[in-house]
Amino acid sequence: MTYHPKSEFLRVMFERGYVADCTDYQALDEALVKGVLPGYIGFDATATSLHVGSLIQIMMLRWLQMTGGKPIVLMGGGTTKIGDPSFRAEERPLLTDAQIGQNIEGIKRAFSPYVRFGEAASDAVMVNNAEWLDALNYIGFLRDIGRHFSVNRMLSFESVKSRLDREQSLSFLEFNYMILQAYDFLELNRRYGCLLQMGGSDQWGNIVNGVDLTRRVIGGEVFGLTSHLLTTSDGRKMGKTAQGAVWLNGNLTSPYEFWQFWRNTTDADVGRFLKLYSELPLDECNRLGALGGSEINAAKIVLANAVTTLLHGAEAAAAAEATAREVFEKGGIGDDLPTVRVTPAELADGVGIVQLFVRAGLAGSGKDAKRLISEGGARLNDDLVTDAAMRLGAGDLVEPVKLTAGKKRHALVVLD
């Protein structure tokens, strides 16, 4: 659609390519201009860290704060006990309270680099929906909140309809998820004056429910805004690689591995990702994204440095770039590479090269590692590995050795 926002936040969202849909662009724009507008995004605690797939939502919260709004980070301590069924083929595994608590502690660490928490009007707050969901009285909730929901309408939402059309079971437990998420918006409005819920476009039905419920109960205007669900230009889901998720927590995905993920961006995605995941001026994003040939590699390094600096700091980004340069340009062994440590006991009978590639995260399984070797994509200290039965002993690890998968992915093996 063609809309020319007056507020800085919506202008940034449009210009940098975030916006998928909104419940009312003009009314939201006017509310943003009036003063500090609180807006939230919810994150369920299904793992000990968020991954790159959540980074677009985190950047939306960051831009909301930088343009004068108040970000609310909602931890789904309550909703995680059910699990969001949106566009899933089967029910999520149920987690214990202890597992959810551990996951929340891990996830919290991802936000401090992006938003400023504190007591000022535009400072971010982090809240846990278990505060109100765990204390709900079932009969009272059905009477006060459930009466506002039409089952006919809930069944029409694409996230539910697609599951039922495939004749896949949707439990009553999961069906309640969208009501609880809607109730989150109402509670956040009551507690923090929250006027905006944001999320990925797969959350549109849940967000609309929350907007409708909050409007019905409080009689005021609230809004929903969604971002596009990103895939890379070659069709892969954002944040996923052959080796698994690219995590935001450095103990799960090292700063070097994180940097390398962005450095390996396909040429067609560079300009788009610079707009979404960095704060470089738009003209510079467009200039870098339009580069061709070998010049696009310089743009990829700018992207990797910018995104890694935001999460891990400038020093970590510089160290990652230096390691990459040493490995790629000089053929050396960089100190910052992912490392596999093996013990002397493991080396008594030798440790298999296939196992090492899997442990290093350079192959998803033993089968993948053997295929990598058979196709000529595996190297040991830059020498081609041709025998999948190769084993390394203590004599091979007097010095660290470098494993390479393809041309760009490397890891070290060291004796512990």
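Of the 416 residues in the chain, 51% are buried (under 20% relative accessible area, with exposed over 50% and partly exposed in between, using a 1.4 Å probe and protein chains only). This is a predicted model, in which local features need pLDDT of at least 70 and side-chain atom pairs count only at pLDDT 80 or more, while totals for chains, interfaces and linings use all residues. Residues are numbered from 1 along each chain as its sequence is written, and side-chain values use heavy atoms, leaving out hydrogens and water.

**The chain overall**
- The chain holds 18 helices and 15 strands (DSSP runs numbered from the N terminus: helices are H or I with at least four residues, strands are E with at least two).
- Taking contacts (heavy atoms within 4.5 Å) between residues at least 6 apart in sequence, 73% link residues at least 24 apart.

**Strand E14**
- Five of the five residues in E14 (residues 401-405) are buried, so the strand is mostly covered.
- Val401, Leu403 and Ala405 point to one side of E14, Lys402 and Thr404 to the other, and all are buried.

**Its partners**
- E14 runs antiparallel to strand E11 (residues 378-380), joined by three bridges (strands pair if DSSP finds at least two bridges between them).
- Within that pairing, Arg379 has Thr404 of E14 as its bridge partner.
- Five bridges connect E14 with strand E15 (residues 409-415), also antiparallel, and Val401 sits opposite Val413 in E15.
- E14 and E15 make a hairpin with three residues between them, and Gly406 in the turn has a positive phi of about 70°.
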